[in-house]
Amino acid sequence: MAVKRLGCLHAHHSNIRYLEEGLDREAFSCLHFVDPGAIHWLTRAASEAETRQVQVKLRGQLEWIVGCGVDAIVITCTNYIAALSPLEQTLEATGGIPVIAIDEPWFDELLKLGDEAVVAFTNPATVEGTMERLHTHAKLQGRAFKGQTAVSDPGCFELLLQGREAAYAEQAEAFLLGLIERASAPVAAAQLSMTDAAARVEASSGARVLSPMQALRSRLEGLR
């Protein structure tokens, strides 16, 4: 079986580890591209023209990745995904190379849990774009997702940005555990950076905490 080469576009270098550790190395190899600049542009974009500039930049990045000879592209930043939506348009930039948004497999698995869930975030900047895409995804399936969102203390995600990944995972774990104790609906971790925390919570509580990495592994099986 030939190893499939994945071009992975990230907004933060910390996401690299989750794909390297979470994928079958006998089936997939990853070529990583980290572009934090676009996230700052998106955050401060004050006009449609500035947003379009970011879209052009991201599409150019996809063309660059394709030129490296990949079999598929995985985008791990939900803000980049939202900026490029609808993703069908990005196929023009990739020449038909599949583009997998980290959240779409997760949406599919989340909807299997029902129409209600608590969707947990540590990065408040990703809430609006992710939830808008989730509701659209559900609507296309004839569903009406009625879940609620929960966002951790703002200082939690700052720990990750400061490179304090262990402290970040510890706070994210406590955040998820608190949600499980209070929530009557399933709890889902919305961000790839919450992978370790979700796994720890599952191990300690016995409750399932759906994370994007779990769902991505299932989706990539179709590329083998």
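**Reading a sheet and its salt bridges**

Arg17, Glu21, Glu165 and Asp196 are linked in a network of salt bridges. This is a predicted model, and the talk below works from the sheet back to that network.

Me: Let's start with the sheet. In what order do the four strands lie, and is the pairing parallel or antiparallel?

Reply: The general idea is that strands of a sheet pair through backbone hydrogen bonds, either parallel or antiparallel. Here the sheet is open, its order is E2-E1-E3-E4, and the pairing is parallel. From one strand to the next, the twist averages 25°.

Me: Which strands stand at the edges?

Reply: Look for strands with a single partner: E2 (28-34) and E4 (99-101) are the edge strands, so one side of each has no neighbour in the sheet.

Me: How many bridges join E1 to E2, and how many join E1 to E3?

Reply: Seven bridges join E1 to E2, and cysteine 8 stands opposite histidine 32 in E2. Between E1 and E3 there are four bridges; leucine 9 has isoleucine 75 of E3 as its bridge partner.

Me: What do E1, helix H1 and E2 make?

Reply: Together they make a β-α-β unit, and it is right-handed. Helix H1 spans residues 15-22, which brings us back to arginine 17, a residue of that helix.

Me: Which residues form a salt bridge with arginine 17?

Reply: One is glutamate 21, with the closest N and O atoms 3.3 Å apart. Arginine 17 and glutamate 21 are four residues apart in H1, so about one helical turn separates them. Aspartate 196 is another, at 2.6 Å. Because aspartate 196 lies in helix H10 (residues 195-205), this pair ties together parts 179 residues apart in sequence.

Me: Are these side chains buried or exposed?

Reply: Arginine 17, at 26% relative accessibility, counts as partly exposed, and so does aspartate 196 at 23%. Glutamate 21 counts as exposed at 57%.

Me: Where do glutamate 109 and lysine 112 lie?

Reply: Both are in helix H6 (residues 103-112), three residues apart. Glutamate 109 counts as buried at 18% relative accessibility, whereas lysine 112 counts as exposed at 63%.

Notes:
Residues are numbered from 1 along each chain as its sequence is written. This is a predicted model: local features need pLDDT of at least 70, side-chain atom pairs count only at pLDDT 80 or more; totals for chains, interfaces and linings use all residues. Side-chain values use heavy atoms; hydrogens and water are left out. Two strands pair if DSSP finds at least two bridges between them. Helices (H or I, at least four residues) and strands (E, at least two) are DSSP runs, numbered from the N terminus. Axes are lines fitted to C-alpha atoms, for helices over the stretch in contact, and angles run from 0 to 180 degrees between N-to-C directions. A crossover is right-handed if, with the strands pointing away from the viewer, the path from the first strand over the helix to the second runs clockwise. A salt bridge is a side-chain nitrogen of Lys or Arg within 4 Å of a carboxyl oxygen of Asp or Glu. Buried means under 20% relative accessible area, exposed over 50%, partly exposed in between (1.4 Å probe, protein chains only).
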